[in-house]
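Q: Could we go through the strand pairing in this model, and then its overall make-up? I would like to take the strands one at a time.

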Amino acid sequence: MTLFEDLTWRGLIKDISSPELEKKLNEEKLTFYIGTDPTADSMHIGHFSSFLIASRLARYGHKPILLVGGATGLIGDPKPSKERQMITKEEVEKNVAGLTQQAEKIFGFEVVNNYDWTKDITILDFLRDYGKYINVNYMLDKDIISRRLESGITFCEFAYTLLQGMDFVHLYEDKGVTLQVAGSDQWGNITTGIELARKKSDVELFGMTMPLVLDANGVKFGKTEGNALWLDKNKTSSYELYQYLINSDDKCVIDYLKKLTFLTKEEIEKIESEHNAAPEKRMAQKALAHEVITFLHGEEEYEKALRISEVLFSGNIKELSLEEIEDGFKDVPNFTAKESTLLELLVDNGIATSRREAREFLTAGSISINGEKVTDENMVINKELAIESKVIIVRKGKKKYYMGIFE
């Protein structure tokens, strides 16, 4: 299977700037770039689906360059409905440092910052050397700009597409880049770069976009209630990522395997067959979680996430280390624990609304401490009972957890 055939089978091609690109991808060794603006100091799982294509092309001999937009990040890519809120220069610099370190660690390719070649260009240079080549009517036809015309778009955001086009031309001149790849929402910016290169340098550059990866509800992959799943394991633990992936919708999981893993066509088709025969075993979801977490954080982190998941399912919480507990119960309600009776702990920390309700929970066997059911309301809760003398995990019913932390 050729590279282009593989990308097509995986559903990773939405737009290409020229039919000639297929032959170039299959037969030549291109230098290409993919970029992201530093809106945070870590990429999230939505970026992963796009940036992974850099590794795919590299495996076929193409040379990737990863761009962090220290300049374009100061402006902000126009949003479809309203003006993007600017972030401070200090925050942009901090985010650039974080993204650069992360991209080098995860993907291992050269990382560049467009601030380096933009910072010394004066407004007159920008208008004379770049602005004169792009017609305003051409920019107005861009989808993201035309959608904002009625509500209004500032010149700052209007000029963003030209800034990104300038990046493409600079990287062609400085590093021999002839291809830009990105998510489908960047098509307008890519074609601006191609047009700018044609008019300014009389050269044909190429562009390719990938469809945005969506969940079963049509929401961008990796977004949960507006919160990103970060690639930085200190922001999103491997366990949290595991839980998200293992709960992927059956309708989407095979598509995710194609787009987010390096498993072969034969391997994915075998998994799909096994998954369809017994979907309750979640074979596809397990394969997805293993491949993604191992690629991002290594086998040890995957094994850690799997262990936490299995222990929590079995209820044997005492088998977990303090670090594993903090990962597994990161988002549950927590409280400051102090020595008290079990009855007092339940009432004082809102686990039960009254002493009577607390006794009802205990009598019904609905309360567990560190995975063990307890019924004695006078049981003393102290550091000796806590895991590593630090935390206790209280479970009410089957799924409601609380974490008590001893100072």
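Q: In which sense do β2 and β3 pair, and over how many bridges?
A: In this predicted model, strand β2 (residues 31–36) pairs with β3 in the parallel sense, over 6 bridges. Within that pairing, Tyr-33 has Ile-65 of β3 as its bridge partner.

Q: Through which helix does the chain cross from β2 to β3, and what is the hand of the crossover?
A: The path from β2 to β3 runs through helix α3 (residues 45–59). This β-α-β crossover is right-handed.

Q: Which strand pairs with β3 over 4 bridges?
A: That is strand β4 (residues 110–113), and this pairing is also in the parallel sense. Here Val-68 has Asn-113 of β4 as its bridge partner.

Q: How many residues of β3 are buried?
A: Of the 6 residues in strand β3 (residues 63–68), 5 are buried, so the strand is largely enclosed by the rest of the structure.

Q: Changing topic: what is the strand order in the open sheet that contains β9?
A: The order is β9-β15-β14-β11-β12, which makes 5 strands in an open sheet. The pairing in that sheet is mixed.

Q: Which strands are at the edges?
A: The edge strands are β9 (334–337) and β12 (372–373), each of which pairs on one side only.

Q: And β14 with β15: parallel or antiparallel?
A: Strand β14 (residues 391–396) and strand β15 (residues 400–406) pair in the antiparallel sense, over 6 bridges. Val-394 has Tyr-402 of β15 as its bridge partner.

Q: Now the chain as a whole. How many helices and strands are there?
A: The protein chain has 19 helices and 15 strands. Its C-alpha trace spans about 85 × 50 × 35 Å along the principal axes.

Q: What share of the residues is buried?
A: Buried residues make up 50% of the 407 residues in the chain. The accessible surface comes to about 20100 Å², and 47% of that surface belongs to carbon and sulfur atoms.

Q: For contacts with a separation of 6 or more, what percentage comes from residues 24 or more positions apart?
A: Such residues account for 72% of those contacts.

Q: Finally, how many positive and negative charges are there, and how far apart are their mean positions?
A: The protein chain has 52 positive and 67 negative charges, and their mean positions are 3 Å apart.

Definitions and conventions. Residues numbered from 1 in each chain as written. Predicted model: local features only at pLDDT ≥ 70, side-chain atom pairs only at ≥ 80, totals over all residues. Heavy atoms only, no water. Pairing = 2+ DSSP bridges. Helix = DSSP H or I, 4+ residues; strand = E, 2+ residues; numbered from the N terminus. Buried < 20%, exposed > 50% of the residue type's maximum accessible area, 1.4 Å probe, protein only. Right-handed = clockwise from strand over helix to strand, strands pointing away. Contact = heavy atoms within 4.5 Å. Areas by Shrake-Rupley, 256 points an atom, 1.4 Å probe, with all protein chains shown as cover. Lys, Arg positive; Asp, Glu negative; His and termini not counted. Charge placed at Lys NZ, Arg CZ, Asp CG, Glu CD.
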